[in-house]
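Hi,

Here is the structure I promised to pass on.

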Amino acid sequence: MIVEGAGRATDAPVDEAAALSAAACLFRSLGDPSRLAIVRHLALGEHKVVELTRHLGLAQSTVSAHLACLRDCGLVTSRPQGRASLWSLAATPEVLELLAAAERLLAATGDAVILCPAYGEVPDR
């Protein structure tokens, strides 16, 4: 369990180090702005790579690489449609819940994350 009392309780013992490592991997997978934009766009429904490249203004190879990363992390899935593939979110309700929680947390913390000296995007002075 990542946070005491959050989510489902189980009777099985939890390896806290493994759970924390898995959570860190999940957040890193969503930590790239392009991957996060892809996930947010897939929240609207299935899309082909060409549609994602058009919407996001990224190269096809870039979108494909990000989709491969997200697929390897279990966050997206694809199904063939002719010569193309349609991409969609895996575990859609959980991903949408995580994105909504992130938006609530960002609203609660204001500019603190952007101004963070370690991870923020402080403008050059």
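Below is what I found, starting with the overall layout and then going into the packing.

First, a caveat: this is a predicted model, so please read everything with that in mind. The chain has 125 residues, and 22% of them count as buried. Its secondary structure comes to six helices and two strands, and from the N terminus the order is α-α-α-α-β-β-α-α. If you take the contacts with a separation of 6 or more, 43% of them are between residues 24 or more positions apart.

On to the core. The largest nonpolar core holds 15 residues, and the members that touch the most others are Ile38, Val39, Leu42, Leu67 and Val76. Two or more residues each come from helix H2 (33-42), helix H3 (49-56), helix H4 (60-72), strand E2 (84-89) and helix H5 (92-109).

Next, H3. Its buried residues are Val49, Leu52 and Thr53. Looking down the axis of H3, you will see these buried residues fall within an arc of 100°, so they line one face of the helix. The cover over them includes H2, H4 and E2. After H3 comes Gly57, which has a positive phi, near 70°.

How does H3 sit against H4? The two pack at an angle of about 115°, and their axes are 9 Å apart. H3 and H4 are therefore roughly perpendicular to each other, and their crossing is right-handed. On the H3 side the contact is made by Val49, Leu52 and Thr53, and on the H4 side by Gln60, Val63, Ser64 and Leu67. So the residues of H3 in this contact, Val49, Leu52 and Thr53, are the ones listed above as its buried residues.

The other helix pair I looked at is H2 and H5. Their axes come within 11 Å and cross at roughly 120°, which makes H2 oblique to H5. Here the crossing is left-handed. Leu36, Val39 and Arg40 are the H2 residues that meet Val95, Leu99 and Glu103 in H5.

Is Leu99 buried or exposed? With a relative accessibility of 14%, Leu99 counts as buried, because the cut-off for buried is under 20%. Not counting residues up to four places away in sequence, Leu99 touches Leu36, Val39 and Arg40. There is also a pairing across the sequence to check: Leu99 and Ala43 are 56 residues apart along the chain, and their C-alpha atoms are separated by 9.7 Å.

Ala91 is in the loop between E2 and H5. Its phi is near 50°, a positive value in a residue other than glycine. The relative accessibility of Ala91 is 44%, so this residue counts as partly exposed.

Cheers

Notes
Residues numbered from 1 in each chain as written. Predicted model: local features only at pLDDT ≥ 70, side-chain atom pairs only at ≥ 80, totals over all residues. Heavy atoms only, no water. Core = buried A, V, L, I, M, F, W, Y, C linked by side-chain atoms within 4.5 Å. Buried < 20%, exposed > 50% of the residue type's maximum accessible area, 1.4 Å probe, protein only. Helix = DSSP H or I, 4+ residues; strand = E, 2+ residues; numbered from the N terminus. Arc of directions from axis to C-beta. Contact = heavy atoms within 4.5 Å. Axes fitted to C-alpha atoms, helices over the stretch in contact; angles between N-to-C directions. Parallel < 35°, antiparallel > 145°, perpendicular 65-115°, else oblique. Left-handed = near helix turned anticlockwise from the far one by under 90°.
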